[in-house]
Amino acid sequence: MQEIKVELTKHPKAKPTDETKLGFGSVFTDHMFIMNYDEGQGWHDPRIVPYGPIELDPSAMCLHYGQTVFEGMKAYRTKDGRILLFRPEKNMARLNVSNERLCIPKIDEAFALTCIEKLVAIDKDWIPTAEGASLYIRPFIFATDAHVGVHPGKHLMFMVICSPSGAYYPEGLDPVKIYVESSYVRAVRGGMGYAKTGGNYAASLKAQDEAEEQNYTQVLWLDGVERKYVEEVGTMNVFFVIGDEIVTPALQGSILPGITRMSAIEILKSWGLKVSERPIEIQEIYEAYQKGQLKEAFGTGTAAVISPIGQLKWGDHVMEINNGKIGEISQRLYDTLTGIQWGTIEDTMHWTVEVK
Ligand SMILES: *Cc1c(COP(=O)(O)O)cnc(C)c1O
């Protein structure tokens, strides 16, 4: 295994004093991880250094053609002071799936995780202790070749930064209003929808902006070909409780395979509930709503864990779900997942990894 060099900061920053006002993604810890890739040499020089700006050539390929991938995970502090990661090996595996799609050389998953654990351990005092707060961890890779020609980069950087983040729902689980997007599309089969890459987000900004103008929190994407099948919500996968079936769109290449989605399916099945991963038309959801069978809807993702959907707007149809309140299944899933993540309930699935 390569040696990870560590250069500690001589100027530690002041930590946020009020953890309830942290918000998301704007405060960063004292250190960051960097490793370089150069053709012929492979990934080399893994190091932890003080957090700060990096130098890039203006022709760096990532700035022009979007050869970038990323991950999103969290470190949780338990009541007894331990630090837990949630299924981090799944993030590393998914990073390599994204790498493969973007022609980025694969990383050694176990080594990358060791590097992340070391960074989290060094910056452990930045992990918030307030209820529901956590340390958001953002690994990312980008091509740095100084060359404005289109081809896969031969020089890349793998970095990890960490951001203490506040509780997603400071006032409790509030259902969100979601706008069903019928004109813009995010991804198509054969595209990059299943990869966690910046380009998918660039494609989503305009629709997101227009939805927000109409007071909707996020958009629900439909498939890019027929605009008929449900895909996912902004930064979350989506589930519907229809009668006694819990349905989530099948992974067919245009949807991001969420680790929260995977975990939710495993938990729901362990409770003996019927979960289907299958194509689902927005029309079917509307018909279920009209028949009074659409009982709950919720999004799943690392940031919010479970995000109940209180209203769906599709064209002229406004669907009010469960009277705009969180449903029983959504609440139970939220309690179970967050209970495992913060170590308040037994981790019978062996999903958490302790950072020492
Ligand atoms: C990251 C992400 C998700 C959620 O994935 P998790 O692993 O559950 O955090 C869902 N959709 C998109 C587009 C994403 O980028």
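Strand 16 and strand 17 (residues 317-320) run antiparallel and are joined by four bridges. Strands here are DSSP runs of E with at least two residues, helices are runs of H or I with at least four, and both are numbered from the N terminus. Two strands count as paired if DSSP finds at least two bridges between them. Trp314 stands opposite His317 in strand 17. The two strands form a hairpin with two residues between them, where Gly315 has a positive phi near 60°.

This is a predicted model: local features need pLDDT of at least 70, side-chain atom pairs count only at pLDDT 80 or more, and totals for chains, interfaces and linings use all residues. Residues are numbered from 1 along each chain as its sequence is written, and side-chain values use heavy atoms, with hydrogens and water left out.

Stay with strand 16. Strand 15 (residues 294-301) pairs with strand 16 in the antiparallel sense, over four bridges. Here Gly299 stands opposite Ser307. A hairpin of three residues joins strand 15 to strand 16. Strand 9 (residues 176-181) pairs with strand 16 too, in the parallel sense and over four bridges. In that pair, Val176 faces Ile309.

Why is strand 16 largely enclosed by the rest of the structure? Nine of the ten residues of strand 16 (residues 305-314) are buried, so the strand is largely enclosed. Buried means under 20% relative accessible area, exposed means over 50%, and partly exposed lies in between (1.4 Å probe, protein chains only).

Now turn to the ligand. It is surrounded by 15 residues, and the closest are Lys196, Tyr201, Glu232, Thr260 and Thr302. A residue counts as near if one of its heavy atoms lies within 4 Å. By class, this shell has four nonpolar, seven polar and four charged residues. Nonpolar covers Ala, Val, Leu, Ile, Met, Phe, Trp, Tyr, Cys and Pro; charged covers Asp, Glu, Lys and Arg; the others, Gly among them, are polar.

Some atoms come within the limit for a polar contact (a pair of N or O atoms within 3.5 Å; within protein, one must be able to donate a hydrogen and the other to accept it, and residues adjacent in sequence count only if both atoms are side-chain atoms). A side-chain N or O atom of Thr302 is 2.6 Å from a ligand oxygen. A polar side-chain atom of Arg94 lies 2.8 Å from an oxygen atom of the ligand. Ile259 uses a backbone N or O atom, 2.8 Å from a ligand oxygen. On its own the ligand has 380 Å² of accessible area, and the protein covers 97% of this. Such areas come from the Shrake-Rupley method with a 1.4 Å probe; for residues, only the protein chains shown count as cover.

Next, the start of the chain. Strand 2 (residues 31-38) and strand 3 pair in the antiparallel sense over seven bridges. Asp38 stands opposite Gly42 in strand 3. Three residues separate the two strands in a hairpin, and Gly40 in the turn has a positive phi of about 95°. Strand 1 (residues 5-6) pairs with strand 3 (residues 42-50) in the parallel sense, over two bridges. Val6 faces Ile48.

The largest nonpolar core has 36 residues; Phe33, Trp43, Ala75, Val120, Ile137, Ile141 and Phe158 touch the most other members. Such a core is a set of buried Ala, Val, Leu, Ile, Met, Phe, Trp, Tyr and Cys residues joined through side-chain atoms within 4.5 Å. Helix 3 gives the most to this core, with seven residues.
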